[in-house]
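The following account leads through a multi-chain model, from the fold of one chain to its interfaces and then to individual residues. Please keep the sequence and the coordinates at hand while reading.

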Amino acid sequence: MSSSWLIDCVRRILPAGAVPDPAAFREALTGQLADLRKPRGIRHQLASLVSAAVGGVAAGHGGPLAIARAAAGWGQEVLAAHGYRADEDHDQNSSADLDAIIAEEDKLPEPRTRQEVAEQEQSGDDPLIRTSDETSHRADGERDAGRQEDADRWPTPEERAHLHETYLDWRQEVSAGREQGMNVVGDKPDRSPDDRSDLPPTGEELVNMESDSMSRFDRLRNHIYKQADDITDVAEKTGNRALELWERPPTETHTEIPSGRPEITNPAPPALDGGQFVLASLTVGMLGYELLRAVKNRVNTWKGDSHGSK
Amino acid sequence: MAVSDQQVATLRAFLEGDKPKYNDLLADLDRKSDGLGYSALVTAAFFEAVDRRFSTQSPRADAVDYVADVRSRSANAAEDVDPRIAERLIREVLGDGSTDDVDGRTSASTKLYLLTALTIDADLDAAELDQFLGKVKKMADHMLSRG
Amino acid sequence: MPTITDPQVAALRAFLVHDTDDIAALAYQLGENGMMGYVRLAEAALAVAARKRFAPQFTNADLVKYVASVRVSRLTDGDEFDFDPVVGEDVLRYSLGQNVTHPLELEPRLRAIIALLDGLAETELSSEADVDELLTDARRIADQWLTERKPGT
């Protein structure tokens, strides 16, 4: 999915000026999008990018860089609703660079739909496969032709009404149970953007790993001294028993469970030491812990069920 | 002070599972003059073997599972290895907790069992064993040089 | 002769099915005197469930690995739910009819009984009928044990 294709989709699906609640929209997207980007260098969640793109299109911006420039001027609250941390996204100094990039973008052709790309590839008339001299000429012509085609393909009034109705239904669905004006900005994502636990280590992390390993080994220094006196003796006795592990598979004794009624074949367990009071206290205490564990597991199951049903 | 070649050769025979050779070499080690060096070598070997096998991100469950697996391999292992001490030794290598309260004898004994199992599972060829022992010797020398 | 009572069976049932509303209340009702019978009933239930799990034969390795699996399943809930694995293996041994001659301390033994019974209930009892059958067998066994022994043991 390219940003241009996405922007085109948004224009088609959402009525002009319509914008979904960013936090609810982003929440609905989370878990639905497959993020095919390489993990390194990812700064923003995909759902946040899509949410911002939709907001930008609704505000009338035509391309990804125009949206990015507009987003640089969005307030903290708006950015947070789209899932951005304000301190890293509110870089006013980048606006000047963006202007230059946007100027370049204006020379590029209008975004194409997948169908257009497929048709043009088949006909061999792919506008992107050109020499560099033809590119700027072509870009102007393409843009004009694209705009005309775009107007022709815009939904009819009936289609727009249907789309608007569908959009309103969707809004109602995601807002269900939520009171008007309820703050959802504070909702925490399931996974923090800083959570890199499943990603390979960076270069810096690799260097730190080595020093981490040595510092952990250093902490075992006292082992060396407390073992020193006995090590040769232990090495002989236990070492030889441990070497039996090489003799695999081990020959294990199988014990048969006696058939017949267990009250006859099962001897009574060893006597329970300790007075009745001690026994009662311990048992009640432990049952109390088990009760807590059962409640905790039930809550976790409920949370899992309600999360899965969304 | 540094680890001697004799001590390294003894550990190599142990890690190869060569019982006769191991016992021959072990018989030539002196309890007093070789104790510290051999202790450093065994400790370094245990550390390195655990570090390679377990990730520092591994949950405690990995240690419980592995120790149970080792203890289930022989009746002697089940009897000789205290599972909780073995789990704590593994976790200590990974930076979680300490075994300061465990006496030297039990600590060494448990390490030897776990080291044997870890080596069997790692299935090192001769070159890999050389590399392993080379690194372990350096680690032990480093530890001994710090006093 | 003391025998297993209905409240003791009800309390154990609440534990087995994780009836969080009733466990605490029923256990409290048993009081000091009722706890001994309750623990015996729990051990009898453990014997029945363990036989089901490990039939027709088992090795020492089976016990070691099973105890580890129960511990691992409880570790995520917190350290307070862990139990001594060596004691756990001994509890399983005598539950399966083997002789355990060395003494077992009360607290680690109770922890192991509760944890192992909970673990076995999870895998071996898949319906109310299974629970009923287990409790019926356990009551019969515990009654037998209680009549064989002197009161208070």
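Read from the N terminus, chain C presents its elements in the order α-α-β-α-α-α-α, which amounts to six helices and one strand. Helices here are DSSP runs of H or I with at least four residues, strands are runs of E with at least two, and both are numbered from the N terminus. The model is a predicted one, in which local features require pLDDT of at least 70 and side-chain atom pairs count only at pLDDT 80 or more, whereas totals for chains, interfaces and linings use all residues. Residues are numbered from 1 along each chain as its sequence is written, and chains are lettered from A and ligands numbered from 1 in the order in which they are written.

Of the 153 residues in chain C, 50% count as buried. A residue is buried if 20 or more other C-beta atoms lie within 10 Å of its own, exposed if 12 or fewer do, and partly exposed in between, with C-beta atoms placed from the backbone. Among the contacts in chain C with a separation of 6 or more, 74% join residues 24 or more positions apart; a contact requires that the C-beta atoms of two residues, placed from the backbone, lie within 7 Å. Chain A comprises 15 helices and one strand. Of its 310 residues, 19% count as buried, and residues 24 or more positions apart provide 69% of the contacts in chain A with a separation of 6 or more.

The interface between these two chains brings 46 residues of chain C into contact with 38 residues of chain A. On the side of chain C, α2 (23-54), β1 (57-58), α3 (60-75), α5 (106-124) and α6 (128-148) each supply at least two residues, and α2(C) gives the most, with 14 residues.

C:Glu89 lies in helix α4 of chain C and is buried, with 22 other C-beta atoms within 10 Å. Leaving aside neighbours within four places in sequence, C:Glu89 is in contact with C:Leu63, C:Val64 and C:Val67. The C-alpha atoms of C:Glu89 and C:Asn60, 29 residues apart along the chain, are separated by 8.6 Å. The peptide bond from C:Ala55 to C:Pro56 is cis, with omega near 0°, and C:Pro56 belongs to the loop between α2 and β1 of chain C. In the loop between α1 (6-16) and α2 of chain C, C:His18 has a positive phi of about 60° although it is not a glycine. C:His18 counts as partly exposed, with 18 C-beta neighbours inside 10 Å.

At 1.5 Å a residue, α7(B) should span 27 Å, and its end C-alpha atoms are 26 Å apart, which agrees; the expected span is 1.5 Å times one less than the number of residues. α7(B) is followed by B:Asp123, whose phi is positive, near 50°. B:Asp123 lies in the loop between α7 and α8 (126-145) of chain B and counts as exposed, with 7 C-beta neighbours inside 10 Å.
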